[in-house]
Each structure stands twice: as structure tokens, then as C-alpha cells.
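Have a look at the picture first, then go through the points in order.

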Amino acid sequence: MPTLGIIGSGNIGAAVARLAVAADIDVVIANSRGPQSLTGLVEELGPRATAGTVEQAARAGEETLLSIPLAAYRSLPADLLRDRTVLDTGNYYPYRDGRIAELDSEEVTTTELAQQLLPGALLVKAFNNILAHHIPQLARPAGAPDRSALPVAGNDSGAKARAAELIDRLGFDTVDAGTLDESWRFEPESGAYTRIYLAAPDVPAEHMLRSPAAPLPAGKLRAVLQTAQRVKVAERTF
Ligand SMILES: NC(=O)c1ccc[n+]([C@@H]2O[C@H](COP(=O)([O-])OP(=O)(O)OC[C@H]3O[C@@H](n4cnc5c(N)ncnc54)[C@H](OP(=O)(O)O)[C@@H]3O)[C@@H](O)[C@H]2O)c1
């Protein structure tokens, strides 16, 4: 298994880094403040983890996890990500990212927009529809009866297969959710977004960050993806 580059060391980046080192995958992790700010996290992750610059993380492996706010995508070294499999965890939150006309008009999905900003990168949308604290709660070894599934969407079938292989090693089954133009099915407020991993899916929004997860098998995820309704993105206020 090649090294995994991780750009973004926040909630999702750190959660995936923990799964990676537990699965004996080396990681090179980066954030906006530079490697010196990652000393504590790298110590916690152990000898398989190295802190790097964004460029070093982008170059580190054939596969890169990209887990930063949408507004920061324009600052990425797009040339270094060309031909690499990039797992994009990004979501559009207007309160954080500002209003983005192409997303509000539903002309493109969030990862299609990312693809425009990162030409040549082999983008796979993944890990965007699960709350960060549910990732360690639900990760299981392959074959575990209570394993959960995550959706993956991408335009390059080889990249999607590599992403699925990585995610399997990290602790989840995957469901192929189609191409990037179909990935709205697991974007915010759609049917296949974060609540599907809650033990009590109807908890009030303010309690979600403290609510425990419950396993979601692949068959159930597939059914939820199929019946998802596209939300009116322009009407989303958060
Ligand atoms: N949190 C969740 O439960 C969750 C669930 C699903 C999807 N997502 C999505 O996943 C993405 C990341 O979410 P998060 O919660 O992990 O965010 P977060 O905790 O705020 O972490 C964001 C990370 O991105 C880094 N960053 C920001 N600008 C950067 C740049 N220009 N270059 C390199 N790194 C940069 C930050 O660096 P510094 O630490 O140096 O500031 C930080 O490490 C977002 O699009 C979010 O919507 C989040």
C-alpha cells in the first residue's frame, strides 16, 4: 500500500490519519500553518506519520485525502495532484464558504467544481457524508458483520476502485454512487448525508455532534442513495 498524503489535519483529516496508521499505511499530513504546527498530532499518530508541507503531502502518495474548506481549494498546487487519486471530503456550506453561483444553480456538484479547480486530478468524492466523530466509532475490519459502508463517486473508474480499496483497508465497505454529477445524492441535506449514520437519526441538529453512530450496511446505503432527493442548493442557508 503506497503512502497516503493528507491535506487538511482537522476533524476529518485527523480521523482518517488515525485509521490509516492503524492499518499500517504511512501518512504525510499537512495543514495551512505548516509542519511545525503538527508536532502533537504526529506524535500521537506514531512512526508511520510525518508532517509535511501541502506540496510534500500532495507528492507523497498516489492517493491523497483532501479535507480542507472549499474556499481553500484555489490555493492548492494543482499540478502536483495531476494524475493522482484524490479523495475529496469537501462539502459546500454557504455560511462558511460564501455563496458560490455554480453550486447554487446546481450547474455542478461540489466535487465537479473541485475538478474544475484541479484539472487532471482523479477526484473521488468520499468521507464527506459522515460526521468526523462517527468515523472511529464505525470503522471495522473487513468481514465484520456490523461493518458500515461509505458512498464513493468519481468519473475515473480506476481511481474509484483504488479509493474503494483504500477505504476497505481503513475500515469501511463502499457503495458505488456513480459519477461526480450524481454525487449530490450524498451532499448536505440530501437523503444520504450524515444523519444516516446516527443511532437516532431524528435527534435535533444541535445534539448531532454528541450523538452516537449505528452501523449502516451497504444494502441500506444503496437504497438511501437511490431514493435521495436533490435539495435546492440556493435555498440552503448553512
Ligand atoms: N467535520 C465533519 O464532521 C465533516 C464531515 C464531512 C465532511 N466534512 C468536510 O470536510 C472538509 C474538512 O472538514 P473538517 O471538519 O475536517 O475541517 P477543519 O476541522 O476545519 O479542518 C480543516 C483543515 O484544513 C486545513 N486548511 C485550510 N486551508 C488550507 C490550505 N489552504 N492548505 C492546506 N490546508 C488548509 C486547516 O489547516 P489549519 O489547521 O492549519 O487551519 C485544517 O487542518 C470540509 O469541506 C467539511 O465540510 C466535514
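How many residues surround the ligand, and which are the closest?

1. The ligand has 25 residues around it, with Gly8, Gly10, Asn11, Asn31 and Ala72 the closest (a residue is near a molecule if its C-beta atom, placed from the backbone, lies within 6 Å of it). Helix H1 (residues 11-22) gives the largest share of this shell, 3 residues. By type, the shell splits into 11 nonpolar, 13 polar and 1 charged (Ala, Val, Leu, Ile, Met, Phe, Trp, Tyr, Cys and Pro are nonpolar, Asp, Glu, Lys and Arg charged, and the others, Gly among them, polar).

2. Before going on, a word on the source: this is a predicted model, where local features need pLDDT of at least 70, side-chain atom pairs count only at pLDDT 80 or more, and totals for chains, interfaces and linings use all residues. Residue numbers start from 1 along each chain as its sequence is written.

3. The chain holds 10 helices and 8 strands (DSSP runs numbered from the N terminus: H or I of at least four residues for helices, E of at least two for strands).

4. Now the sheet. It is open, with 8 strands in the order S3-S2-S1-S4-S5-S6-S7-S8 and mixed pairing (two strands pair if DSSP finds at least two bridges between them). Strand S3 (49-51) and strand S8 (173-176) are the edges; each has a single partner strand, so one side of each has no neighbour in the sheet. From one strand to the next, the twist averages 25° (axes are lines fitted to C-alpha atoms, for helices over the stretch in contact, and angles run from 0 to 180 degrees between N-to-C directions).

5. Within that sheet, strand S4 (residues 63-66) and S5 run parallel, joined by 4 bridges. Leucine 66 has aspartate 88 of S5 as its bridge partner.

6. Helix H7 (residues 110-117) has Thr110, Thr111, Glu112, Ala114 and Gln115 as its buried residues (buried takes 20 or more other C-beta atoms within 10 Å of a residue's own, exposed 12 or fewer, partly exposed in between, with C-beta atoms placed from the backbone). H7 lies across S5 and S6, at about 160° to S6.

7. Finally, leucine 225, in helix H10 (residues 218-227). Why does leucine 225 count as buried? Because 23 other C-beta atoms lie within 10 Å. Beyond its neighbours within four places in sequence, leucine 225 contacts Pro151, Val175, Ala177, Arg185, Phe186 and Ala192 (contact: C-beta atoms, placed from the backbone, within 7 Å).

Terms used:
Two residues are in contact if their C-beta atoms, placed from the backbone, lie within 7 Å.
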